[in-house]
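I opened the notebook to go through this model part by part, from its division into domains down to single residues. The entries follow the order in which I looked things up.

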Amino acid sequence: MKSLVLILLSFCTWASSFAAPAKRPNILFILVDDQSPFDFKCYNPKSPLQSPNIDKLAAEGMVFDSARHMGSFSGAVCTPSRHMIMSGRTVWHLPIGPFAKDHCPPNLELNTLAAVFNRAGYDTMRTCKQGNSYEGANKQFTVRHDAEKRGGTDESGSTWHGDQVMNYLAERVATKDADPFLIYFGFSHPHDTRDGRPELLEHYGATNHDDPNTLPALNPKQPPLPANYLSAHPFNNGDAGVRDEVAASGVWKNRDEATIRNEIGREYACSENIDIQIGRVLAKLQAMGELDNTYVFYTADHGIAIGRHGLQGKQNLYEHTWRVPFIVKGPGIKPGTRVPGNIYLLDTVATLCDVAGIPAPESNEGLSFKPVLEGKKDTLRDVMYGVYCGGTKPGMRCVKQGDWKLIKYDAMNGAVHETQLFNLAANPDEFLKEHGKTDPMQTNLAGDPKHAGRLKEMEALLLAEMRRHGDPYRLWDQPDDGLPPVPEPTPKKAKNKKSKK
Ligand SMILES: [Ca+2]
Ligand SMILES: [Ca+2]
């Protein structure tokens, strides 16, 4: 009898899956500004950040441990990152940057994310920060609300971005709009200035410190210093004077414990507010009956240091900054799964198209990680490549394969030639000798003869990736490959120089 019931039940399930034509899924793509994955409990169980809605997304979806941005040729790391997200193109093939005209197809903006989804019959809506992004792609969204909202009130902060999505969803209900939607839900925080709402700052013992001549008070409720905190980076990495390292309000050039703990507290207050806004939108989608048919992506345009390795900004290639948080929940994704992934943010176009059943545009160079979301594989690539080339040239390059990661610095016009080799399984925090760890694996292994073979292998991989991605530079110990000189970027107007975002 029991088995008959089971057979009947499974027949009904089978029959019902054929009864209604599959409704195309909605997409909610959430992008925050400047956030390290290690802020979240799903990446760092010791983190005091209160983010119940994002924690729940992680528990009900898939968490990526190796999601990265490919890098930047500018101190404004946001800008190339957001071009890559919108176009699906690699860092040296964007419509901006060195040799842009030679490497980028014309009319690329008509093949960016929203343009492609519009043509496929999706409704597209965006709210995000203004500036340091890809205007040609942003303007493709049918509904658009852009503003820089980095204040500590509802009107001046992240609540404003939440309101735009809530209003949009309310209007869809009012007009009974049944088209599938792509919502690009962006925030201007936790990018500095990290002005938090007073009641959220309270959770982390933080203040919106704005006086460069005093230090904020230490408070036991402030988050602890990061494990890989240093009071200064051991060498000049080539862009030590960039805005983020010297002029972020609340930190400036300070790296003392009170400043860093207060600033992380401010970051958390801003991130908690973002979490609250996401909670509102997810509850609304649930009430509309749309949540189960919506893919929710959560990520950031790049990570950030805030005291780790003695750095403050996003102009480096350590894991806290090269990596991004990346969480996906949606139809067919097994709850509570975790994968390395080895994905880049530039895989967004390919993947969003794939889950929506839309062909990716020809200009796309990213890979779809739908097979990862479906549990068919757990990584998309073997090797990951990263660039920071916004200060002195060629700057920093890195490559990762398995547990091994190489970072090289060719900076300050030849005065700085540094190599770092990390085993991320043994040394996930990328401790240097300055951190004083006793485990012989928890340091930079580049000078250790035991790892000389590995170093050589990683250096060969880096060169191969630089060639494969059309990197127009070579490092001091690489063949020059007969590359032409890279033209100097056109100097920006003084007005824009200050705002490197
Ligand atoms: Ca950013
Ligand atoms: Ca519509």
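**Domains**

I began with the domain assignment of the protein chain, which gives domain 1 (24-381) and domain 2 (385-480), the bounds coming from an automatic or database domain assignment. I kept in mind that this is a predicted model, in which local features need pLDDT of at least 70 and side-chain atom pairs count only at pLDDT 80 or more, while totals for chains, interfaces and linings use all residues. Residues are numbered from 1 along each chain as its sequence is written, and chains are lettered from A and ligands numbered from 1 in the order in which they are written.

Taken over C-alpha atoms, the centres of domain 1 and domain 2 are separated by 26 Å. I noted that 30 residues from domain 1 and 27 residues from domain 2 take part in the contact, where two residues are in contact if their C-beta atoms, placed from the backbone, lie within 7 Å. On the side of domain 1 that touches domain 2, the elements giving two or more residues are β4 (71-72) and α11 (319-322); helices (H or I, at least four residues) and strands (E, at least two) are DSSP runs, numbered from the N terminus.

A residue is buried if 20 or more other C-beta atoms lie within 10 Å of its own, exposed if 12 or fewer, and partly exposed in between, with C-beta atoms placed from the backbone. The core has 107 residues, and among those that touch the most other members are Phe 29, Ile 30 and Phe 185. Helix α10 gives the most to this core, with nine residues. Because domain 1 and domain 2 both give residues to this core, it lies between them. I then followed Phe 185, which, not counting residues up to four places away in sequence, touches Leu 28, Phe 29, Ile 30, Thr 127, Val 165 and Val 281.

**Helices against α10**

I wrote down the axes as lines fitted to C-alpha atoms, for helices over the stretch in contact, with angles running from 0 to 180 degrees between N-to-C directions. Helix α2 (residues 52-60) packs against α10 (residues 257-287) at an angle of about 60°, with the axes 7 Å apart. That makes α2 oblique to α10, since angles under 35 degrees count as roughly parallel, over 145 as roughly antiparallel, 65 to 115 as roughly perpendicular and the rest as oblique. Here Pro 52, Asn 53 and Ile 54 in α2 meet Asp 275, Ile 278, Gly 279 and Leu 282 in α10.

For helix α7 (residues 158-174) and α10, the axes come within 9 Å and cross at roughly 10°, and the two helices are therefore roughly parallel to each other. The residues that meet include Val 165 in α7 and Val 281 in α10.

I found helix α3 (residues 78-87) mostly covered, with ten of its ten residues buried. Its buried residues pack against β1 (26-33), β4, α5 (113-119), α6 (135-138) and α12 (348-356). Just after α3, Gly 88 takes a positive phi of about 70°.

My last entry concerns Asp 477, placed in the loop between α14 (452-468) and α15 (494-497). Asp 477 counts as exposed because it has 11 C-beta neighbours inside 10 Å. Its C-alpha atom is separated by 9.5 Å from that of Glu 459, 18 residues apart along the chain.

Notes. Core = buried A, V, L, I, M, F, W, Y, C linked by C-beta atoms within 7 Å.
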